[in-house]
Each structure stands twice: as structure tokens, then as C-alpha cells.
Amino acid sequence: QVQLVESGGGLVQPGGSLRLSCAASGRIFSIRAMGWYRQAPGKQRELVATITNGGSTNYADSAKGRFTISRDNAKNTVYLQMNSLKPEDTAVYYCNAVVMEFAITYDYWGQGTQVTVSS
């Protein structure tokens, strides 16, 4: 089992910044990659950014140039720095961990944190 706890969401004006944090605990040695996804009302959950254990990153086109994913291995924490926020970034943001044990892959999710971009 892996537990994920997100923090850092809130209300911000367009053009502002927020940093989301996701702290992992439990069988963290089984984690192969972590990432952030988001889900806006009436829409499907979508990828925002991911980072592997080796540090390779992947971003959705909507996040490129504005968002940065990073990790602090000593704290077992992944961050999402979001700059130049737009109203369309409003969503619940979920932390994800991809765990592999005995060649089987599992997905774990945090509880989500609300990000609202509005003036």
C-alpha cells in the first residue's frame, strides 16, 4: 500500500502561481513514477505531468512552459509548480503513484486538492 497526501491548492487570480505538494508514505520503495492529474467539472481526468524515478518528466501540452514537476526523494514528496495560471486550469488536482510489485503495476491516488483560478 502507498498513501498519498496532497496539499497546496487554493484560490488564485489569473496569472498567479501555486505549488502543489504530494507526500508519499508506505511501500515507497515500490514506486516507479509519480505524477499529477486533474479533473474539471463535467470533464474526464487528464494528465498534467509525470516524473519517473530516474527524473524523466512528461507534460501535457497545456502545462508545458508554465508548470514544473519535481521531486525530493529525501522527503518522498513530489511538487507541481504552477505559474501563469489560467481560469481553464481550475480543477481538482490528484497525485498519482505508479507502483510495480512482482511485475504487476498498480495505481494509487491521493484525495485531490482544489485549484480555482478566478478574479
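Reply: Let me begin with a definition: buried means under 20% relative accessible area, exposed means over 50%, and partly exposed lies in between, with a 1.4 Å probe and protein chains only. This is a predicted model, in which local features need pLDDT of at least 70 and side-chain atom pairs count only at pLDDT 80 or more, while totals for chains, interfaces and linings use all residues. Residues are numbered from 1 along each chain as its sequence is written, and side-chain values use heavy atoms, with hydrogens and water left out.

Me: Which residues does the disulfide join, and are they buried or exposed?
Reply: A disulfide is taken here as a pair of cysteine sulfur atoms within 2.5 Å, and the structure holds one. The S to S distance is 2.0 Å for the link between Cys22 and Cys95. With regard to accessibility, Cys22 and Cys95 are both buried.

Me: Why does the pair of Cys22 and Cys95 tie together parts that are apart in sequence, and how many residues apart are they?
Reply: Strands (E, at least two residues) and helices (H or I, at least four) are DSSP runs, numbered from the N terminus. The link of Cys22 and Cys95 is left-handed, with -85 degrees about the S-S bond. Because Cys22 belongs to strand β3 (residues 18-26) and Cys95 to strand β9 (residues 91-101), the parts that the pair ties together are apart in sequence by 73 residues.

Me: Which residues are linked in a network of salt bridges?
Reply: A salt bridge requires a side-chain nitrogen of Lys or Arg within 4 Å of a carboxyl oxygen of Asp or Glu, and the structure holds five of them. Arg38 forms one with Glu46, with 2.7 Å between the closest N and O atoms, and Asp89 forms one with Arg66, where the closest N and O atoms are also 2.7 Å apart. The network of salt bridges links Arg38, Glu46, Arg66 and Asp89.

Me: Are Lys64 and Asp61 buried or exposed?
Reply: Lys64 and Asp61 form a salt bridge, in which the closest N and O atoms are 3.2 Å apart. On the accessibility scale, both Lys64 and Asp61 are exposed.

Me: Which strands are the edge strands of the open sheet of four strands?
Reply: Two strands pair if DSSP finds at least two bridges between them, and in this sheet the order is β1-β3-β8-β7 with antiparallel pairing. β1 and β3, for instance, pair over six bridges, and Gln3 stands opposite Ser25 in β3. The strands that pair on one side only, and are therefore the edges, are β1 and β7.

Me: Which residue in the turn between β9 and β10 has a positive phi?
Reply: β9 and strand β10 (residues 104-109) run antiparallel and are joined by six bridges, and the bridge partner of Glu101 in β10 is Ile104. The two strands form a hairpin with two residues between them, and the residue with a positive phi, of about 55 degrees, is Phe102.

Me: Which residues does Gly15 touch, not counting those up to four places away in sequence?
Reply: Gly15 lies in the loop between β2 (10-12) and β3 and is exposed, with a relative accessible area of 53%. Its C-alpha atom is separated by 9.2 Å from that of Pro87, 72 residues apart along the chain. With contact meaning heavy atoms within 4.5 Å, the residues that Gly15 touches are Ser84 and Leu85.
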